[in-house]
Amino acid sequence: MSVNLNKSNLEQQEIFRNKFFKRENDSVIKIIYIGAISYFDMNVKFLNHFGNNAKYFISYVGHGPSAKKIENYCTENNIKNVGFIQRYLPSEKVNYYKSSDLIFNLYGN
C-alpha cells in the first residue's frame, strides 16, 4: 500500500490488480529480490517458507554481502525454485520488475 496517492500510483495499482488477481490459478508467482543482497538470516526464513514450493519462483538479482551465502544455502538445501543473477545494468532494472509479480525487499527489523 502506498501513502503517496497520485494518479500515477493509482494507475500502477490497477495494473498490479489486473496482473496479479486475474492470473491463471496454476501459474507460478514470480518473486524478485533486486539490489544489494543482504540480511542472510531473514532470507533463510523466507526460503524455508517458500523454497521448493512449485507455486513460486524466487529471483535474486544483484550482489551484496549475503548473495553467495544465500546461493550456497539453496545448493546445500537442494532448493530448486530460486535463480541468481549477480550483475545487471541500471537500464535493465525496470524489465526485471516488469517480469515479476511480487517484489521482496528486506531492510531488517
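Mentor: This is a predicted model. Its four strands form an open sheet with parallel pairing, in the order β3-β2-β1-β4.

Trainee: Which are the edge strands of that sheet?

Mentor: An edge strand pairs on one side only. The order of the sheet is β3-β2-β1-β4. The edge strands are β3 (82-85) and β4 (102-103).

Trainee: How many bridges join β1 to β2?

Mentor: β1 covers residues 29-34, and β2 covers 56-61. The two strands run parallel, and the number of bridges joining them is six.

Trainee: Which residue of β4 stands opposite Ile31?

Mentor: Strand β1 runs parallel to β4 and is joined to it by two bridges. On the β2 side, Ile31 stands opposite Ile58. In β4, the residue opposite Ile31 is Leu102.

Trainee: Why is β1 described as largely enclosed by the rest of the structure?

Mentor: β1 is joined to β2 by six bridges and to β4 by two. It is largely enclosed because the number of its six residues that are buried is five.

Trainee: What pattern does the chain follow along the sequence?

Mentor: The chain has four helices and four strands. Read along the sequence, they follow the pattern α-β-α-β-α-β-α-β.

Trainee: At what angle does α2 run to β2?

Mentor: Helix α2 spans residues 40-50. It lies across β1, β2 and β3. Its angle to β2 is about 155°.

Trainee: Which strands does α3 lie across?

Mentor: Helix α3 is made of residues 67-76 and runs at about 150° to β3. The strands it lies across are β2 and β3.

Trainee: Are α2 and α3 roughly parallel or roughly antiparallel to each other?

Mentor: The two helices pack with their axes 10 Å apart, at an angle of about 30°. Angles under 35 degrees count as roughly parallel. α2 and α3 are therefore roughly parallel.

Trainee: Which residues of α3 make the contact with α2?

Mentor: α2 passes α3 in a right-handed crossing. From α2, the contact is made by Phe40, Asn43, Val44, Leu47 and Asn48. From α3, the residues are Lys69, Ile70, Tyr73 and Cys74.

Trainee: Is Asn43 buried or exposed?

Mentor: Asn43 is found in helix α2. Neighbours within four places in sequence aside, it is in contact with Tyr33, Ser38, Tyr60, Ile70, Phe104 and Leu106. Its relative accessible area is 0%, so Asn43 is buried.

Trainee: What separates Glu71 and Lys68 along helix α3?

Mentor: Glu71 counts as partly exposed because its relative accessibility is 22%. Glu71 and Lys68 are three residues apart in the helix, so their separation is about one helical turn.

Trainee: Where does Pro65 lie, and which residues is it in contact with beyond its neighbours within four places in sequence?

Mentor: Pro65 is in the loop between β2 and α3. It counts as exposed because its relative accessibility is 67%. Its C-alpha is 8.5 Å from that of Phe40, although the two are 25 residues apart in sequence. With neighbours within four places in sequence left out, the residues in contact with Pro65 are Ile37 and Ser38.

Trainee: Is Ala67 buried or exposed?

Mentor: Ala67 has its place in helix α3. Not counting residues up to four places away in sequence, it touches Ile37, Phe84 and Gln86. At 5% relative accessibility, Ala67 counts as buried.

Trainee: What percentage of the residues in the chain is buried?

Mentor: The chain has 109 residues. Among its contacts between residues at least 6 apart in sequence, 76% join residues at least 24 apart. Buried residues make up 32% of the chain.

Notes. Residues numbered from 1 in each chain as written. Predicted model: local features only at pLDDT ≥ 70, side-chain atom pairs only at ≥ 80, totals over all residues. Heavy atoms only, no water. Buried < 20%, exposed > 50% of the residue type's maximum accessible area, 1.4 Å probe, protein only. Contact = heavy atoms within 4.5 Å. Pairing = 2+ DSSP bridges. Axes fitted to C-alpha atoms, helices over the stretch in contact; angles between N-to-C directions. Parallel < 35°, antiparallel > 145°, perpendicular 65-115°, else oblique. Left-handed = near helix turned anticlockwise from the far one by under 90°.
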